[in-house]
Amino acid sequence: MELTLWTYEGPPHVGAMRIATSMTGVHYVLHAPQGDTYADLLFTMIERRDRRPPVTYTTFQARDLGGDTAELVKTSVREAYERFKPDAMLVGESCTAELIQDQPGSLAQGMSLPIPIVPLELPAYSKKENWGASETFYHLVRTLLQPAAPPPGTTREPVIDVIRREGRRPRANLLGATALGFRNRDDVREITRLLHDLGVDVHVCAPHNATVADIRRIPEADFNIALYPEVADTTARWLEKTFRMPTVRTVPIGVLATREFVEEIGTVTGIDVQPLLAHERAGSAQVDASRSLLPWYSRSVDSTYLTGKRVFVFGDATHVLAAARIARDELGFQVVGIGTYSREFARPIREYAAKIGVEALISDDYLAVEQRVAELAPELVLGTQMERHIAKRLGVPCAVISAPIHVQDVPARHSPQMGFEGANVIFDTWVHPLMMGLEEHLIHMFREDFEFGDGSSPSHLHSSAPRGAGGAALLVETDNEVEEVEEVVSETAAPVAVTSTSWLPSAEAELKKIPFFVRGKVRRNTEKFALDRGIGEITVDTMYDAKAFYGR
């Protein structure tokens, strides 16, 4: 264990709370001290829920440790059942209660209550929140469906044959959407609409808004869709093995991934999906509003300023892989780094990083992430709410793409990440922090005018870069130049007589005459030239000496 000021994931019992809070008729009895009730605020504050999570705490205190804490568990379980009358009950313990070893799940199972009891053993000191959510969902589904499982070796009729024989539309289950997930509510709505357009009915969505009866109806569907592998993958694999239910695993985030998702649906169900894809591929501003405008916008003349933007991506594995692909293959960005805090999904992140030629960062230490961002000096950061804070400190634009999130990332409007409409939302969200090419050029052209004086620059820019690990903070004009300066600091880490440079006003004025799209390179080359030669103050002559040197 280590002491930290912030963490990407809570302990696994918070993941169990997410499952219980997502569902209806499920109650969670948590063996925990009084201080662990803080988790309620995650749901009522961040997601603005109008009710507390369905959780009963045993809330033992220090004086209880000398007595019978096991009896306290039984009393809490009994009172929770009598008060809330749930259809199923989860019973587990927090990280503190784990040390007492009361085994609350086993105690609850021995009480012979007339409802399913799901005991949870979630190792708090080796696992984290997403793993806890995945395990809780898996054990709940397995407990409710195991009695209905067919004998081993039973085969299942192919989906195509079933729907043709019964003359009906295919039925799909959406698995993985939970409370505190990033835009999960809106994603479910968008994918439900997309499936409806394809001729597929959503049979059960779980755990989002599901009941115990809904869970028992899962095998009645023809196939499952694992929307969020961090939560759904273990359950989907068990359903494949036990009920022979096929799983669609393509996560439809981005236009390319959504097309592949639609094609996979067509393969599983036998539906001809080409008419919908052909309509979406029309690729003009006149396409139907239900399709994505991202492909057209990303190749329109006004978006040429996107090409080659350096991007760093960090978050949960699902959203990182999707975001990196969108940035690289759909918007023309250059992905200079990716990473995740989800250690269980480190392999696919490393594989993709190797594919695009960057080094993956697998860490749940926000300080390591901040250091990597400073080293890479990207022009845009895509991450969690912590990367938003990191980017703000470093003067870099940022967009949130993954949990953990803050209240501002739970909009009242429909704002999905998945499907064709989700691609529209992503384009708007990512481009918003960036300056348009013409806008940036005009701001620099008229920088000396009173309207562009100090304090009147756009709110998403910062007038200076923070002090880096290797040298002084240099006064800069744009985010692009902040990043260029950081590169210089890292590239000149070798011992030299002069470790920092400053620009004389005359040199700064001369630099502003250079077009913005090459100004950063000129600044970088000039500062490197000066540092290599021990020049502390950059003059106009230094600039032209550097130009002559690099022009040879």
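**Ground rules.** I worked with a predicted model, where local features need pLDDT of at least 70 and side-chain atom pairs count only at pLDDT 80 or more, while totals for chains, interfaces and linings use all residues. I number residues from 1 along each chain as its sequence is written, and side-chain values use heavy atoms, with hydrogens and water left out.

**Overall.** I looked up the secondary structure and found 23 helices and 15 strands (DSSP runs numbered from the N terminus: helices are H or I of at least four residues, strands are E of at least two). Of the 552 residues, 56% count as buried (under 20% relative accessible area, 1.4 Å probe, protein chains only). Among contacts (heavy atoms within 4.5 Å) with a separation of 6 or more, 71% are between residues 24 or more positions apart.

**Sheet.** I traced an open sheet of 5 strands in the order E11-E10-E9-E12-E13, with parallel pairing (two strands pair if DSSP finds at least two bridges between them). Strands E11 (360-362) and E13 (398-400) are the edges, each pairing on one side only. From one strand to the next the twist averages 15 degrees (axes are lines fitted to C-alpha atoms, for helices over the stretch in contact, and angles run from 0 to 180 degrees between N-to-C directions). I then checked E12 (residues 380-383), which 3 bridges join to the parallel E13. Val381 has Cys398 in E13 as its bridge partner. Helix H17 (residues 385-394) lies across E9 (310-315), E12 and E13, and runs at about 170 degrees to E13.

**Pocket.** The search used a 1 Å grid over the protein atoms alone; a pocket is an open set of points with protein on both sides within 12 Å along at least five of seven lines, and lining residues have an atom within 4 Å of a point. The largest pocket has a volume of about 1,200 Å³ (the space filled by probe spheres set on the points, which are joined across faces, edges and corners). I counted 37 lining residues, with Thr7, Glu9, Gly10, Pro11 and Lys128 nearest the centre. H2 gives the most to this lining, with 4 residues.

**Cavities.** I found 6 cavities of 30 Å³ or more (a cavity is a set of points where a 1.4 Å probe fits but cannot get out).

Note on methods. Buried means under 20% relative accessible area, exposed over 50%, partly exposed in between (1.4 Å probe, protein chains only).
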